[in-house]
Amino acid sequence: MKKILYTALLGMLTAFSASAQELNARVEVNAQQIEGSNKDIFTTLQSDLNEFINSRKWSDAIFANEERIDCTFILTIDNVSGNTMNGSLQITASRTVYNSSYSTPIFNFKDNNFRFSYAQFDRLEFNDNAYESNLMSIIAFYSYIILGVDFDTYSRYGGQKYFEKAEFVANLARSSDDAGWKAYESDNNRYALISNYMDNNLRGLRELNYDYHRLGLDLMSQNVENGKSQILSSLPVLQSMNSAKPFSVALQNFAECKLNELVDMFRNSPASDKQKVYEILSAVLPTQTSKMKDLTSN
């Protein structure tokens, strides 16, 4: 009997572990610019956001605990008026390269239009089918974006349904007066970001996300040079996508995420390979060529 009970309990624990939440998020609320001695509200907000993001199931996918996506949400508060807070949100995400301990960045975006209402001990809730809170809609939007980008690295267009969820959140929020959700408001806002990921003219960027990670980085544990060769052959897509949609926000995001990684990867490669990587990166990131010096030296 004890063996039967033990087996049943083990099965339940295994099932629970296998259905862990998708995001392993770290939320930081920086309110150093706000004067006053009562900073408890920011501590509470940070704690509640950590709990909300990490405890919510964002999909029906099954994740083992060690497979959760590492990500950060760094909220900087610039000013407060009553219950209204204004600031910016820096979102990053990474994923572990297969058969290694190396984490590669997959998303890094700064949202400068973060205005929301919050009173201490407000209950943080999100409704997928209604726009009720700018704070929660923004958090949900980027959580779905992270899932979409991550799933795209494992299968071609694997993140489609999560980008669709992010688009749905954005569509609901567009009827509000809150900044960041509307077309033509900015080339670097939430609307522009999700529009890029859903744009058929930029599908090559999502294919590159798969080729770079699954067919390149993930194969390096077997053969480093083959993995680098696959990455090198996939990079020209950046140039063609940049020609189709010059300096699009999703394209910039990918290139900026991978800039340091690519420089490190190819700094000791043959001069012709370094030159090719430099030409591609400098075309997409012309203001950041100073970071590419190792690709121009012999």
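In this predicted model, strand S1 and strand S2 (residues 69-81) run parallel to each other and are joined over 8 bridges. One of these links involves alanine 25, whose bridge partner in S2 is cysteine 71. Strands of a sheet pair through backbone hydrogen bonds, either parallel or antiparallel.

S1 and S2 belong to an open sheet of 4 strands, in the order S1-S2-S3-S4, and the pairing in this sheet is mixed. Strand S1 (23-30) and strand S4 (103-117) form the edges, since each pairs on one side only. From one strand to the next, the twist averages 15°.

Helix H3 lies across S1, S2, strand S3 (84-96) and S4, and runs at about 165° to S4.

**The nonpolar core**

The largest nonpolar core has 84 residues. Helix H3 (residues 134-152) supplies the largest share of this core, 12 residues. Among the residues with the most contacts inside the core are Phe73, Phe107 and Tyr142. Leu135, Phe141 and Ile145 are also in that group. In soluble globular proteins, nonpolar side chains tend to be buried together.

What does tyrosine 142 touch, leaving out residues up to four places away in sequence? Its contacts include Phe73, Leu89, Ile91, Phe107 and Phe109. Tyrosine 142 also touches Asp111, Arg190 and Leu193.

In helix H8 (residues 236-244), Leu238, Met241 and Asn242 are buried. These residues are on the same side of H8 because they cover an arc of only 105° around the axis. An α-helix has 3.6 residues a turn, so residues three or four places apart point the same way. The helices that the buried residues of H8 pack against are listed below.

| Helix packed against by the buried residues of H8 | Residues |
|---|---|
| H6 | 203-213 |
| H9 | 249-266 |
| H10 | 271-284 |

Helix H10 contains serine 282. Is serine 282 buried or exposed? Its relative accessibility is 17%, and buried means under 20%, so serine 282 counts as buried. The side chain of serine 282 reaches the backbone oxygen of glutamate 279 at 3.3 Å. Not counting residues up to four places away in sequence, serine 282 touches Thr289 and Met292.

Terms used: Residues numbered from 1 in each chain as written. Predicted model: local features only at pLDDT ≥ 70, side-chain atom pairs only at ≥ 80, totals over all residues. Heavy atoms only, no water. Core = buried A, V, L, I, M, F, W, Y, C linked by side-chain atoms within 4.5 Å. Buried < 20%, exposed > 50% of the residue type's maximum accessible area, 1.4 Å probe, protein only. Helix = DSSP H or I, 4+ residues; strand = E, 2+ residues; numbered from the N terminus. Contact = heavy atoms within 4.5 Å. Pairing = 2+ DSSP bridges. Axes fitted to C-alpha atoms, helices over the stretch in contact; angles between N-to-C directions. Arc of directions from axis to C-beta. Polar contact = N/O pair within 3.5 Å; in protein donor to acceptor, adjacent residues only side chain to side chain.
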